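Subject: Structure handover

Hello,

Here is the structure we talked about handing over. Please open it first, then read my notes below.

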Amino acid sequence: MVSFHPDSKFLTDFAAGSLAMSEAVCVAAHLEFCGKCRAHVQQLSDVAAQMMARLEPIADEHDGFESLMQRIDSAEPAAPQESAVRAGRPALAASGIPRVVEKLAGGNLQDLNWVKLGGSLRIAPMDVGCKRRQTAIYDIKAGRPMPEHEHRGEEITVLLKGSFSDADGKYVRGDFVVRHAGERHQPTATLDTDCICLVSLEQPVKPSSLWYRLMEPFVQYRLSGFSH
Amino acid sequence: MMASVDALTGIHVDNNDDMDSVATQLTRSSVPDLWAENVRLVAVKRDRAAFQLLYKHFTPLIRAFLLKSMGSGANRAEAEEITQEVLIKVWNKAASFNPAKASVNTWIFTIARNTRIDFIRRNDRNNREIDIEDIWHEAESPEPLVDMQQRRAEQVIKQAMATLPEEQVQVLYKAFMEGKSHNEVAEELGLPLGTVKSRIRLALNKMQILIDR
Ligand SMILES: [Zn+2]
């Protein structure tokens with residue numbers, strides 16, 4: 001059962017369309033797991049629609065209907081509508097990974113550019129066209145600990161597969177976990193499967209151990225090298 | 001129609017249902033969402049008269065929303081172009097509208113919102129081509145509220161909105177109509193982020209939108 005959800009700030013900014021791409025992808029991924037948050041986003045869109053209905057209308061300077069219809073008539077017939085197809089599909093892809101993540105990854109997650117970091121972790125940066133944050137897929141080996149690290153900026157983790165735990169609790173598929181700057185933690189992937197997460201970082205995570213600190217320039221070099 | 005404009009927000013407030021006057025011209029059916037039949041006619045029959053009624057009602061509202069939300073980076077001509085794009089999508093996507101999942105109002109808002117997000121991304125000269133609709137779907141929820149339930153929820157929202165205190169209307173308006181994030185609203189109003197968040201939550205609670213955190 002999903003038990004960690006985006007808060008009202010994330011859901012409101014998502015429904016209003018003001019959330020940065022990297023965070024929006026995380027919320028969209030969570031929504032594929034969570035009917036409750038989908039219903040909230042729907043309600044928030046209703047609020048926005050009601051506000052739009054109450055705006056003071058700004059009339060046409062001249063009636064543009066005929067020219068709009070000419071534009072529609074002269075355009076190519078619309079392609080089969082993906083949103084119509086989409087409406088009948090289950091929320092998650094057959095692989096169990098959210099469709100939004102597969103789509104942005106260009107299909108199979110395995111085909112991303114993975115960077116190995118020690119024996120237990122590999123990271124694949126994802127370009128979602130977001131300048132403010134880094135977006136990546138983390139793949140943590142079953143039962144192995146991640147390096148303990150401290151956050152310089154906000155980190156969002158959406159669990160896509162497997163589960164992991166840290167001092168604060170256990171997280172399962174679909175959970176949306178936010179860590180703030182200055183928090184330290186050492187997640188450990190549990191269960192018998194590898195753990196795959198979608199991660200959005202405000203600033204690069206700073207590992208605490210000396211070894212990872214030495215690795216860091218390399219990691220950042222690799223991350224930035226793949227972001228275009 | 002009794003109408004007034006809230007001086008603070010510019011929100012057009014009227015005591016009649018927006019649709020009442022148009023409703024009589026359209027249909028006397030008991031379908032609660034009076035615009036749904038027009039969208040259906042556009043989808044099934046490519047009915048231009050039905051589309052023209054949608055155009056007449058929604059274009060001035062979409063234009064008003066885009067002029068407010070596209071930010072200082074957009075001029076009137078750009079807002080006009082995006083408005084036209086939204087209406088072309090309404091025509092093209094009419095078949096994907098599902099009245100069990102959303103009202104026409106909400107569906108058209110989501111199209112306008114997505115077109116606006118796309119415009120801002122294009123302006124940022126993002127090199128990555130992304131289909132915005134992979135992330136922001138158009139009011140599609142795989143577990144939809146049943147039609148009447150949805151309508152009732154919208155009635156609650158509508159009625160509660162009229163009773164909200166000004167400070168809550170102000171933050172809601174900036175978030176939803178000006179398209180500003182919580183952080184941007186906080187900065188603009190000189191308020192702590194937590195205050196903006198709690199004002200929005202209080203307003204949402206009154207509309208019976210109960211988000212845990
Ligand atoms: Zn949720």
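Six salt bridges cross the interface of chain A and chain B. The rule asks for a side-chain nitrogen of Lys or Arg within 4 Å of a carboxyl oxygen of Asp or Glu. One pairs Glu81(B) with Arg71(A), at 2.9 Å from N to O. Polar contacts number 20 residue pairs between chain A and chain B, both residues at pLDDT 80 or more. Such a contact is a pair of N or O atoms within 3.5 Å; within protein, one must be able to donate a hydrogen and the other to accept it, and residues adjacent in sequence count only if both atoms are side-chain atoms. Helix 3 of chain A gives the largest share of the side that touches chain B, 16 residues.

A word on conventions. This is a predicted model: local features need pLDDT of at least 70, side-chain atom pairs need 80 or more, and totals for chains, interfaces and linings use all residues. Residues count from 1 along each chain as its sequence is written, chains are lettered from A and ligands numbered from 1 in the order written, and side-chain values use heavy atoms, leaving out hydrogens and water. Helices (H or I, at least four residues) are DSSP runs, numbered from the N terminus.

Now the extent of the interface. Chain A puts 65 residues into the contact and chain B 87, where contact means heavy atoms within 4.5 Å. About 7200 Å² is buried between the two chains, 60% of it on carbon and sulfur atoms. Buried area is the accessible area (1.4 Å probe) that two parts lose on being put together, summed over both. In chain A, Met51(A), Met52(A) and Arg54(A) lose the most area to chain B, together 11% of what that side buries.

Next, the zinc ion. Its protein donors are His5(A) (ND1), His30(A) (NE2), Cys34(A) (SG) and Cys37(A) (SG), 2.0 to 2.3 Å away. Donors are N, O and S atoms within 2.8 Å of the metal (3.2 Å for Na, K and Ca). The site is tetrahedral, with angles of 102 to 113° among the four donor atoms; the term needs all angles between 85 and 135 degrees.

Last, a backbone detail. Arg46(B) has a positive phi near 50° without being a glycine. Arg46(B) sits in the loop between helix 2 (36-45) and helix 3 (48-69) of chain B.

Best wishes

Terms used:
Tetrahedral: all angles 85-135°; square planar, octahedral: opposite > 155°, others 65-115°. Helix = DSSP H or I, 4+ residues; strand = E, 2+ residues; numbered from the N terminus.
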